[in-house]
Amino acid sequence: MVKKIVLGDVEVSRVVEWQGAFATTDVLFPSVPGELWRRHESWLAPDFLNSRTGAWQANVQTWVLRSAGRTILVDTGLGNDKQREVEVFNKLDGDFLDRLAAAGVRPEDVDLVVNTHLHNDHVGWNTRLVDGEWVPTFPNARYLISRADFDFWNPANGHVPKSPFQSASDTGVTFEDSVLPVHQAGQAVLWEGDSHRIDEDLVLEPAPGHTPGSTVLWLESGIDRAVFVGDLVHTPLQMIEPDHDTCLSEDRTEATRSRRRVLERAAATNSLVVPAHLGGAGAAEVVRSNGAVSIKRWAPFSDA
């Protein structure tokens, strides 16, 4: 079922590609003590935490924005037929394009793709396999990619990821099947600097740490505010305990600084925080309370 919300002049739809357990919380969030999970278990389970197995519950999803007459995708999930080291993501044969169609979007309708960063669960549907070749899934779209991430993950530059779930070989394959083809097709826009404005309601800004080129997308339309934070937040526990990062980040200290800065601004501007992988309500408004950030309310998405 497609869920949607209208924020000012921007319509936002949520298209889920995959749901399930990815890893246990002690592995994925090494700095979070078990006691903290137990303290918040009553509201984290079952949407964000499996209280029996201790597994982090995740969504892989794409956000569809209709803004200023254009159709924009924020992240493109896992993709089909991709060779991946994480077994549950390997050689998928899913119905994501049918789900996208249920949101009223055909591949040729997409005007812009925003990759918040270049991990394989955010770029998979950038391309699809046609006659043995990887081609852009969205033939009429421009793909907005941070130059910092493009350069960092280019296998020619020899970076070895710090995540225990990806090797240099895996990230190299991801770059070659999901990033390089859109660049070679002339559809990639490698942006850099302090911001990249998409239209009067949408602007991309750097939020490095998880990857060097990780970005967030701010939405300001009328009285409504939202921020699509990618992997800056993996669990709502990080909204109220922002000093804890995942083992997936290239620079945990910098990721924590970015998370704190973005959450503080979201609280000050009453912005809806929209992470890439949250199940349940999918997003939440945060507010400052007693010197800390707390969750004010969950996103009121409705059936499209």
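Figure 1. A search of the whole structure, which is a predicted model, finds 4 cavities of 30 Å³ or more. The largest cavity has a volume of about 210 Å³, and among the 18 residues lining this cavity, those closest to its centre are Phe 22, Phe 89, Asn 120, Asp 121 and Leu 248. Two or more lining residues come from each of the elements S2, S4 and helix H5 (120–123), with S4 providing the largest share, 4 residues. By residue type, the lining of the largest cavity divides into 9 nonpolar, 7 polar and 2 charged residues.

**Figure 2. Lining of the second largest cavity.** The second largest cavity, with a volume of about 50 Å³, is lined by Leu 118, His 119, Asn 120, Trp 153, Gln 166, Thr 171, Thr 174, Phe 175 and Val 179. Helix H7 gives the most to this lining, with 4 residues, and the lining of the second largest cavity comprises 4 nonpolar and 5 polar residues but no charged ones.

Figure 3. The structure holds 13 aromatic pairs. In one of them, Phe 22 and Phe 165 are tilted, at 4.9 Å centre to centre and with 50° between the planes; Phe 22 belongs to strand S2 (residues 10–24), whereas Phe 165 lies in the loop between helix H6 (147–153) and helix H7 (168–184), 143 residues apart. Phe 165 counts as partly exposed because its relative accessibility is 21%. The ring centres of Trp 63 and Phe 301 are 5.7 Å apart and their planes lie at 35°, so this pair is tilted. Here strand S4 (residues 55–67) contributes Trp 63, and the loop between strand S17 (292–298) and strand S18 (302–303) contributes Phe 301, 238 residues apart. Trp 63 is buried, with a relative accessible area of 2%, and Phe 301 counts as buried at 16% relative accessibility.

Figure 4. Trp 18, Phe 22, Phe 29, Trp 37, Trp 56, Phe 89 and Phe 165 form one aromatic cluster.

Figure 5. An unreviewed UniProt entry lists residues 59–277 as "domain: Metallo-beta-lactamase".

Definitions and conventions: Residues numbered from 1 in each chain as written. Predicted model: local features only at pLDDT ≥ 70, side-chain atom pairs only at ≥ 80, totals over all residues. Heavy atoms only, no water. Phe/Tyr/Trp six-rings, centres within 6.5 Å; stacked < 30°, edge-to-face > 60°. Buried < 20%, exposed > 50% of the residue type's maximum accessible area, 1.4 Å probe, protein only. UniProt positions renumbered as here; feature names shortened; annotations may be inferred. 1 Å grid on protein atoms, 1.4 Å probe; cavity = no way out; pocket = protein on both sides within 12 Å on 5 of 7 lines; lining within 4 Å. Points joined across faces, edges and corners; volume = space filled by probe spheres on them. Nonpolar A, V, L, I, M, F, W, Y, C, P; charged D, E, K, R; others polar.
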